[in-house]
Amino acid sequence: MTPIPLALYIHIPWCIRKCPYCDFNSHQSPNELPEGAYVDALLADLASEMPSIWGRRLESIFIGGGTPSLFSAPSIERLLCGIQALLPFRPNIEITLEANPGTFEQEKFRHFRQAGINRLSVGIQSFNDKHLKALGRVHNRAEALNVTQIARNAGFDNVNLDLMFGLPDQTIEQAMQDLQQAISLAPTHLSWYQLTLEPNTLFHKQPPILPDDDLIADIQQRGQALLADSDYQQYEVSAYSKAGFQCRHNRNYWEFGDYVAIGAGAHGKITQAHDFSIQRYQKYRQPADYMKKALEGTARSTQEFIAATEVNFEFMLNVLRLRDGFELALFTERTKLPVEQLEQGIQKGIEQGLLVRNGGHLKPTALGWRFLNQAIALFLGPK
Amino acid sequence: MGDVNPNIRNFSIIAHIDHGKSTLSDRFIQVCGGLADREMEEQVLDSMDLERERGITIKAQSVSLDYKSRNGQTYQLNFIDTPGHVDFSYEVSRSLAACDGALLVVDASQGVEAQSVANCYTAIELNLEVVPVLNKIDLPSADPDRVCQEIEDIIGIDATDAVHVSAKTGVGIEDLLEQLVERIPAPIGDANAPLKALIIDSWFDNYLGVISLVRVVDGEIRKKMKIRAMSTGRDFQVERVGVFTPKALDKESLKAGEVGFVIAGIKEITAARVGDTFTDAQKPAEKALAGFKEIQPRVFAGIFPVDADQYENLRDALSKLQLNDSALFYEPETSQALGFGFRCGFLGMLHMEIVQERLEREYNLNLITTAPTVVYQVALTDGDTTLIHNPSELPPISKIAEIREPIIRGNILVPQEYLGNVITLCIEKRGIQRNMQYTGNQVQLSFDLPLAEVVLDFFDKLKSVSRGYASFDYSLDRFEPAPMVRVDILVNGEKVDALAIMVHREFAQQRGRQLVEKMKELIPRQMYEVAIQAAIGSQIIARSTVKAMRKDVLAKCYGGDVSRKRKLLEKQKEGKKRMKQVGSVDIPQEAFLAVLRVNDK
């Protein structure tokens, strides 16, 4: 049987400033970042995770944040070397680093590239100065426009741009201008997603006025057409790529693969080798706590096994996000459970016109694609 | 003839809502030492949660207190509480029937209100001694002279000796108790005659079975005695008798003139009907006491479980509620849209709301209530007459000779400055003025109004056009021919029987339009467009559309916190479950009551 693929997520929790919409674990960076100590902690953390992933190899690494590009290239290099000493990499492993436009220096990024980073994911969010300001971003339009050129000069041929729509007071024209601008920079990948107000953010407490649902749907529809015309293929709810440049790391989430997580507040999911039960865990969120605990080898703040009644839901929550759907056999590959236990939900989904089955393949219909939550909810376990 | 204890006083308090009856009764209990101070929870007599929350009294309750008078004698004061809302006027007359006197409590600044006038007349008809009391005398706005004049002008009783009290501060409470024992007569009865005890109220307790509140008129009721309910002839052995102080206090017996509870192993409430007489099974009385007239529900609505599986639970809950609420009527009903449920009859809108809330709260049911309707009399072309409790029962138009609607006689008391507003409102509601009388600062208005207009939102409107100062009481007067039509509501072209309403033809167009607009607001957007139409027969009179939702997708999912996403979807699913699926459309519970909310802004 095919082994379950394994990815590594590394969280670097500092930003120059916390954005009001962001619900990731990020903290305003102190004057001097404790880079060395944090890299030590990450490596100690990974060492303590080794028993659960012994003998497996990494398919991808994603260094996210926060703003990992705040770290120096030597720190990133030491980190990647340390990881490789513990875990074998597959050939042509994808290693992504998240970066923000305000932190872009060509020399530094050349060093990142030399350290082994081969994919950049840049948080542009918008090219409109008014919207950038509303989002609390530290960069401006001019900096955003320079990003891909700097990246290319630094040796990166695989770059993702993060772009948002449905911004405060955004018109459909403005949203299309943003998207057109991003496309003209010719990234290999675009994550184009709707701004949502998440709990524990400033925007949730003091909500800005956002475009209404109809306008947002119009923006999305127009944008999807524009992206398709520009040869960006949508392969997930918010992910679009040029042929051959889908994000392997994110695909692993959506295909319900395993991922080790190190770094403050990081979430991991690991299938236990002995009984195939699936464990989820989270690391301590506060950087200081995390670093202390990681060195002691006890960086997990919570851990739990996915209840048998929830496996269906968690699997479908991820795989149904893939535009082309999935082979039903994947369920058994990932969970070692019989695919029949999805049958009831699948039946209902087909009856309601949300899902379509073709032999052993399942995918959302056009309707199901628009109402994905309703399709996924069919697989919720009893409360 | 055996004498009745001359130191018993059975009385009620007649008061408008908010005029301080509950606070006053708390004072009585405190002064007479019914409860230790630390046990005084405010407004102890309102024992149902709902009563306390809404500040109204729904069921009659009683309390027996020992009062040591200034003349050195100890009196047994039996206070029988009465509900203050017009919906429950039936319960008021029941409570009053067990009394020998009543305190008329009037707010010293607000003056007399219509509700109190009606209840006072009931008391006077029953030959009760009415003692006027001015409450809230401590307020700076108190105007006792004016209010006394109002009592004399409007109700027609002498108010020169009206006691001035403040239930809040305690001023005048003892003076009031003195007046009470002096002016309210001792009960009349024969302690040696065969037992006759009037059942004032009965309710069901899960542990004790049926508990009846009785007024012993003749003889006595003792523990272990065999008693007979005279209307059914069924016998029961008395297990416990006692009084509420307001805690239940067991006694050996209740004697002629006393008021208290009886527990006799009765399992179903129908065996101890309110208004029935208990007598001694060994030595039965010849004639039962005059009972109460059967109450007629005025307002009808369908109650359906959202989840069909809860039908049996709903039936159980209704039967249990009916144990404590003889005014509640129900019978099975089937709706094409809502499935199996019950058509329920209520005294009025408040009664309906309370029943609905109790069903949901105490029995944990998830319910849909349909728009309330009054009873229509329909004369058929073949000469028969039939009563319609549900718009869907309306016979085909070809068979209808005439539809008659219930008309009430409404009495309104309103300060002069709001008179114009109130008259405008009454006319808007198809009212016809019958009488108008100026009494001091207030005006007494009498209007004939269709009951259907009154149940809808008349109370709320009346309060808002008079800034809360107008008060209202009504009684059913007659049926009168009216050009009523049934307005059907169609959802995606399908007629939804549970949404049909009866409307005066002149208002049909407007009501239909308001209704479809309101429904549009209440029905959430769904995967498909929803068309809502109002129709009379096959003629569409209004239409609105709930546009289809465009999408419902989580923007981001990157292996992070799953539990939050799960909770979000669970909540969505739960919300959907609380709606009723009619065809392929999810309709929320509120939409079935949209007609009540067409004027919400």
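Predicted model: local features only at pLDDT ≥ 70, side-chain atom pairs only at ≥ 80, totals over all residues.
The interface draws 43 residues from chain A and 27 residues from chain B. About 3,400 Å² is buried between the two chains. Carbon and sulfur atoms give 54% of that area. Between chain A and chain B, 19 residue pairs are in polar contact, both partners being at pLDDT 80 or more. On the side of chain A that touches chain B, six elements each supply at least two residues: β8 (189-194), α8 (213-229), α9 (248-254), α11 (311-319), α14 (366-370) and α15 (372-377). Helix α8(A) gives the most, with seven residues. By residue class, this side of chain A divides into 19 nonpolar, 13 polar and 11 charged residues.

Salt bridges were examined next. The search over all chains returns 48 salt bridges. Eight salt bridges lie across the interface of chain A and chain B. Two of the pairs found between the chains share B:R550. In one, the side chains of A:D214 and B:R550 meet at 4.0 Å, N to O. A:D214 lies in helix α8 of chain A, whereas B:R550 lies in the loop between β32 (539-546) and α12 (562-577) of chain B, so the pair joins two chains. A:D214 counts as buried, at 17% relative accessibility. B:R550 counts as partly exposed, at 23%. In the other pair, the closest N and O atoms of B:R550 and A:D218 are 2.7 Å apart. This bridge again crosses between chains, running from the loop between β32 and α12 of chain B to helix α8 of chain A. A:D218 counts as partly exposed, at 30% relative accessibility.

A further arginine of chain B reaches helix α11 of chain A. B:R566 and A:E314 form a salt bridge through their side chains, at 3.4 Å from N to O. A:E314 also has a partner within chain A. The closest N and O atoms of its salt bridge with A:R280 are 2.6 Å apart. This second pair links distant parts of the chain. A:R280 sits in strand β13 (residues 278-283) and A:E314 in helix α11, 34 residues apart. Both A:R280 and A:E314 are buried. Chain B also holds a salt-bridge network. Its members are B:R409, B:R434, B:D448, B:D477, B:R478 and B:E480.

An α-helix has 3.6 residues a turn, so residues three or four places apart point the same way. After the helix comes A:G353, with a positive phi near 75 degrees.

Two further buried sites in chain A were examined. A:N25 is placed in the loop between β2 (14-15) and β3 (27-28). At 6% relative accessibility, A:N25 falls under the 20% limit and therefore counts as buried. Its side chain makes a polar contact of 2.8 Å with the side chain of A:H27. Beyond its neighbours within four places in sequence, A:N25 is in contact with A:H11, A:P13, A:A264, A:G265 and A:R285.

A:L330 belongs to helix α12 (residues 329-335) of chain A. A:L330 is buried as well, with a relative accessible area of 13%. When residues up to four places away in sequence are not counted, A:L330 touches A:E255, A:F315 and A:V319. The C-alpha atoms of A:L330 and A:E255 are separated by 8.0 Å. These two residues are 75 residues apart along the chain.

Terms used
Residues numbered from 1 in each chain as written. Chains lettered and ligands numbered in written order. Heavy atoms only, no water. Contact = heavy atoms within 4.5 Å. Buried area = accessible area lost by both parts, 1.4 Å probe. Polar contact = N/O pair within 3.5 Å; in protein donor to acceptor, adjacent residues only side chain to side chain. Helix = DSSP H or I, 4+ residues; strand = E, 2+ residues; numbered from the N terminus. Nonpolar A, V, L, I, M, F, W, Y, C, P; charged D, E, K, R; others polar. Buried < 20%, exposed > 50% of the residue type's maximum accessible area, 1.4 Å probe, protein only.
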